[in-house]
Amino acid sequence: MQSSLKLEEIRNELIKEIDNKKAYYIDISHKIHENPEIGNEEFFASNILIDTLSKKGFDIEKALVGHPTSFIARKKSSRNSGPTIGFLAEYDALPKIGHACGHNIIGTASISAAIAISNLIDKIGGEIVVFGTPAEEGGTNGSAKATFVKNNLFEGIDACLLAHPWNKDSVTGKCLALDPIDFEFFGKASHAAESPEKGINALNAVIELFNGINALRQHLTSDIKIHGIITNGGDAPNIVPEYAKAKFFVRAETRKSCDETTEKVINIAKGAALITNTKLKTTFFQNQIDDFLINRTFDMIFAENAKLIGLDIKTSLDYGLGSTDAGNVSHVVPTIQPYVKIAPNNVAAHTIEFSAAAKSSDGDNGLINASKALALTALDLIIDKNKLDEIKRDFQINAKH
């Protein structure tokens, strides 16, 4: 009874801490929303998060492994040993439509939860680490979490968590592996009317690439998504295009399936180059992203804590939400990315409407709910070794399949 009462007191202390700082964290979220920055250019957002963590006693490392706006913030108990819990912070915006994925909420919720639990760290033990990971939405040198994984920056972390804004409260959903590919074709310019026979049309190669991929679709499983755009199709209609470029995402339910599909798509590009007598250059323009390794045990611990603050958590996993580089983390550390409601059910992410929701009263409520549920979940993992051992067993089982 005494142990149960003590846990209840600590939980109340965490919730009270976040409630008392509610206006402070909402202000941070709004400031980031008002200053949207694309991947690896989030200097305003990273600085405000770093400054906040630094003032709360976190030791900060900045600009890690080629990402100028990345950081790692650590705060360790000076008295008691214990597990090391990582919070993942995202803070990049989308081009033109700003924080239409709510990353202003993600970054702020992660640091507010981390600060709340760190205030108790000498009492409960362990270490809290915040990973500031730029460019989740991709772009040049995008998906920083994948770079962190490649450089073993999650070594020694027992579990990682973040909460993502959405149109419902839910546990982690399936996310697809993703390969981001640039296809560049090189031909030869010529006058398109006077001497087309002297030219080599690079745009034709891109068109053949699209046609080949469309022919491939009927032979793919339903989880596989291939979508692309033409980023360069020539300079003028009276000049045979000597250069053309297409940008594609290849997605699949597993890394293995994604690799297999990417190989097929690259072979189509090689065929397009052969047909048109062009030269081909293929490049991964950002980090490859892995599928999310779902940890059902970890999710249920989050769901239990979310219910303590009045959230009705959807616990089925029969849906997917694109791709995220948190998937890469999930293959090296037990990780969850549950969702918190900030918008009506009919509002989709990556829209102007969702961007507005990320700075609305519902968005602010989602931020505070996420902060509390994350902090309470981290508390469980620090003070209850059995729960942490259970999610690690779940992780080991899933990693073998």
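Helices (H or I, at least four residues) and strands (E, at least two) are DSSP runs, numbered from the N terminus. The legends below use these element names for a predicted model.

**Figure 1. Overview of the protein, a predicted model.** The chain forms 13 helices and 12 strands. Its C-alpha atoms occupy a box of roughly 90 × 45 × 40 Å along the principal axes. Among contacts with a separation of 6 or more, 80% link residues 24 or more positions apart. The exposed surface comes to about 17,300 Å², and carbon and sulfur atoms supply 50% of this area. Side chains include 43 positive and 50 negative ones, and the centres of the two sets are 2 Å apart.

**Figure 2. The open sheet of 6 strands.** The strand order is S1-S2-S4-S3-S5-S11, and the pairing is mixed. S1 and strand S11 (335-336) are the edge strands; each has a single partner strand, so one side of each lacks a neighbour in the sheet. Strands of a sheet pair through backbone hydrogen bonds, either parallel or antiparallel.

**Figure 3. Antiparallel pairing of S1, with S2, and of S2, with S4.** Strand S1 (residues 59-62) is joined to strand S2 (residues 71-76) by 4 bridges. Within this pair, Ile60 has Ala73 of S2 as its bridge partner. S2 also pairs with strand S4 (residues 127-132), here over 6 bridges. In this second pair, Lys75 stands opposite Ile128 of S4. In a regular strand the side chains alternate between the two faces of the sheet.

**Figure 4. Parallel pairing of S3 and S5.** Strand S3 (residues 84-89) and strand S5 (residues 159-161) share 3 bridges. Ile85 stands opposite Ala159 of S5.

**Figure 5. Surroundings of Gly187.** Gly187 sits in the loop that runs between strand S7 (177-186) and helix H7 (202-216). The residue is partly exposed, because its relative accessible area of 27% lies between the 20% and 50% limits. Leaving out residues up to four places away in sequence, Gly187 touches Ile200, Ala202, Glu242 and Thr278. His99 is 88 residues from Gly187 along the chain, and their C-alpha atoms are separated by 39 Å.

**Figure 6. Surroundings of Thr276.** Thr276 belongs to helix H8 (residues 255-276). With a relative accessible area of 14%, Thr276 falls under the 20% limit and therefore counts as buried. Its contacts, again without residues up to four places away in sequence, are Ile200, Asn201, Asn204, Ala205 and Glu208. Ile200 is also among the residues touched by Gly187.

Figure 7. Lys96 lies in the loop between S3 and helix H4 (103-118). Asn152 is found in the loop between helix H6 (144-150) and S5.

Terms used: Residues numbered from 1 in each chain as written. Predicted model: local features only at pLDDT ≥ 70, side-chain atom pairs only at ≥ 80, totals over all residues. Heavy atoms only, no water. Contact = heavy atoms within 4.5 Å. Areas by Shrake-Rupley, 256 points an atom, 1.4 Å probe, with all protein chains shown as cover. Lys, Arg positive; Asp, Glu negative; His and termini not counted. Charge placed at Lys NZ, Arg CZ, Asp CG, Glu CD. Pairing = 2+ DSSP bridges. Buried < 20%, exposed > 50% of the residue type's maximum accessible area, 1.4 Å probe, protein only.
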